[in-house]
Amino acid sequence: MKKIIYLIVLLLIQTTINNAVMAQEDNPVLVPLPSVDDFTKGEDGWAFGIGVGVEYESAYEGSDEFGFEAQPAGAVQWRSGDNIYYFAGEA
């Protein structure tokens, strides 16, 4: 009896996982995404962005000491038609 219950549970788990995989769409993601700033202003070619952010955070996890910290940030983009290839990050 236990083997039958295990097989039924395994079958139910397999069925739910299989349905999740079949529900995925085949359409590619459109770039640029709304969260990516377009430095090229709609023109083909290279574009660069550089900036700095300021963060107010604790010295370490659980600390009562807080302070400001400057964080440099930058991005490189290359646009070709409707596609943008980019690298964006902060140091």
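User: What percentage of the 91 residues in the protein chain do buried residues make up?
Analyst: In this predicted model, buried residues account for 12% of the 91 residues in the protein chain.

User: Which elements does the chain have, and in what order do they run?
Analyst: The protein chain contains one helix and three strands. Starting from the N terminus, their order is α-β-β-β.

User: Changing topic, how many aromatic pairs are there?
Analyst: The structure holds five aromatic pairs. One of them joins W46 and F48, whose ring centres are 6.4 Å apart; their planes meet at 10°, so this pair is stacked.

User: Are W46 and F48 buried or exposed?
Analyst: W46 counts as exposed because its relative accessibility is 60%. F48 is exposed as well, with a relative accessible area of 60%.

User: What about the rings of Y56 and F66?
Analyst: The centres of the Y56 and F66 rings lie 5.6 Å apart with their planes at 20°, so that pair is also stacked. Y56 belongs to strand β1 (residues 45-58) and F66 to strand β2 (residues 66-80), so the pair ties together parts that are ten residues apart in sequence.

User: Buried or exposed, those two?
Analyst: Y56 counts as exposed at 53% relative accessibility, and F66 is exposed with a relative accessible area of 51%.

User: Which residues do ring pairs link into a cluster?
Analyst: The cluster consists of W46, F48, W78 and Y85, linked by ring pairs.

Key:
Residues numbered from 1 in each chain as written. Predicted model: local features only at pLDDT ≥ 70, side-chain atom pairs only at ≥ 80, totals over all residues. Heavy atoms only, no water. Phe/Tyr/Trp six-rings, centres within 6.5 Å; stacked < 30°, edge-to-face > 60°. Buried < 20%, exposed > 50% of the residue type's maximum accessible area, 1.4 Å probe, protein only. Helix = DSSP H or I, 4+ residues; strand = E, 2+ residues; numbered from the N terminus.
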